[in-house]
Amino acid sequence: NKNNFWRPQDGDTTIRVVPTEDGDPFKEYWFHYNVGNHGGFLCNKKNFGEECPVCNFVKSLYNEGDAESIKMAKSLNARQRFFSPVVVRGQEENGVQVWGFGRNAYSELLGLVLNPDYGDITDADDGTDLVITYGKAPGAQFPQTNITPRRRSSSLGDTKKVTKEYLSSIPDFDSLFEKKSTTDVQGMLDEFLLGEEDAEETSTETSRYGNDKSATTSTTEASSVDQAFEELLG
């Protein structure tokens, strides 16, 4: 459900990370992207310690060692993402949402958590709101995410009742993303590889007549996917 997720918009937005029962509000997941048109999906090996056909294929590509194989391996390799329950100030009517972010934002958050000057920034009664500044710096290719803690601590909710409601409505992270079976992942990989072979054959045929439009389209689409992923990571 996309309504469960929050993504920063250009400019400044104030949020509050909501504490979880297990004491870890920063949930780590690994995803594979660029496997056809299926979107991102959980890596069975990185997340569950199970067999992952995509990871096996990536390893074989690295073993081949040529530039084209390594390029494909990097695009298919599992990528790390973090997710936290948050309340967006000014949008409290949306309740607790899930914010997905990359390693850079995670490092900033971890630095705040370990900084004794701030204590527990997620504490429901005496935690710290965070200002998320999102956007492209002059000359930058991709947007960046900067995090600034408020100088004063505050309560998660306006009243104890509201705070309690927030704490009891944290989304179930185990159900946020569908776990695909090894068979399903193998099927998606096979479909993707067959499509790549067909595209290569078509590219070869059209290039004979000086009209290699399929190769240009494929390159453009791959670049768009990579750029979208980088923008999500901030």
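This is a predicted model: local features need pLDDT of at least 70, side-chain atom pairs count only at pLDDT 80 or more; totals for chains, interfaces and linings use all residues.
Ring pairs join Phe5, Tyr29, Phe31, Tyr33, Phe83 and Phe177 into a cluster. Counting ring pairs over the structure gives 13 aromatic pairs. One of them brings together phenylalanine 5 and phenylalanine 83: their ring centres lie 6.5 Å apart and their planes stand at 75°, so this pair is edge-to-face, since an angle over 60 degrees falls into that class. The two partners come from distant parts of the chain, 78 residues apart. Phenylalanine 5 sits in strand E1 (residues 5-6), while phenylalanine 83 belongs to strand E5 (residues 79-88). Phenylalanine 5 has a relative accessible area of 28% and is partly exposed, whereas phenylalanine 83, at 5%, counts as buried.

Rings also meet charged side chains here. Lysine 46 is placed over the face of tryptophan 30, at 4.5 Å from the ring centre. Phenylalanine 48 has a lysine over its face too: this is lysine 179, at 4.5 Å from the ring centre.

Now let us step back and take in the whole chain. You can trace 7 helices and 8 strands along it. Of its 234 residues, 38% count as buried. Among the contacts in the chain with a separation of 6 or more, 63% are between residues 24 or more positions apart. The accessible surface comes to about 13800 Å², and carbon and sulfur atoms hold 46% of that area.

What lies inside? The largest nonpolar core has 17 residues, and Val35, Phe41, Cys43, Val54 and Leu76 are those with the most contacts inside it. Helix H2 (53-64), helix H3 (67-76) and helix H6 (182-207) each provide at least two residues of this core. H2 gives the most, with 5 residues. A second, separate core is made of 16 residues, including Ile15, Phe101, Leu112 and Leu130. Leaving aside residues up to four places away in sequence, cysteine 43 touches Trp30, Phe31, His32, Phe48, Cys52, Cys55 and Ala78.

Charges come next. Side chains of opposite charge can pair when their charged atoms come close. In this model, the count comes to 6 salt bridges. Arginine 16 forms one of them with aspartate 129, with the closest N and O atoms 2.9 Å apart. Arginine 16 is in strand E2 (residues 11-17) and aspartate 129 is in the loop between helix H4 (103-113) and strand E7 (130-135), so the bridge ties together parts that are 113 residues apart in sequence. Both arginine 16 and aspartate 129 are buried.

Another salt bridge joins glutamate 92 and arginine 89, at 4.0 Å from N to O. Glutamate 92 is partly exposed, at 30% relative accessibility.

Finally, find aspartate 22 and lysine 27, whose salt bridge has its closest N and O atoms 2.4 Å apart.

Technical notes
Residues are numbered from 1 along each chain as its sequence is written. Side-chain values use heavy atoms; hydrogens and water are left out. Rings of Phe, Tyr and Trp (its six-membered ring) pair if their centres lie within 6.5 Å; planes under 30 degrees apart count as stacked, over 60 as edge-to-face and the rest as tilted. Helices (H or I, at least four residues) and strands (E, at least two) are DSSP runs, numbered from the N terminus. Buried means under 20% relative accessible area, exposed over 50%, partly exposed in between (1.4 Å probe, protein chains only). A charge sits over a ring if NZ of Lys or CZ of Arg is within 6 Å of the ring centre and within 35 degrees of the ring normal. Contact means heavy atoms within 4.5 Å. Accessible areas come from the Shrake-Rupley method with a 1.4 Å probe; for residues, only the protein chains shown count as cover. A salt bridge is a side-chain nitrogen of Lys or Arg within 4 Å of a carboxyl oxygen of Asp or Glu. A nonpolar core is a set of buried Ala, Val, Leu, Ile, Met, Phe, Trp, Tyr and Cys residues joined through side-chain atoms within 4.5 Å.
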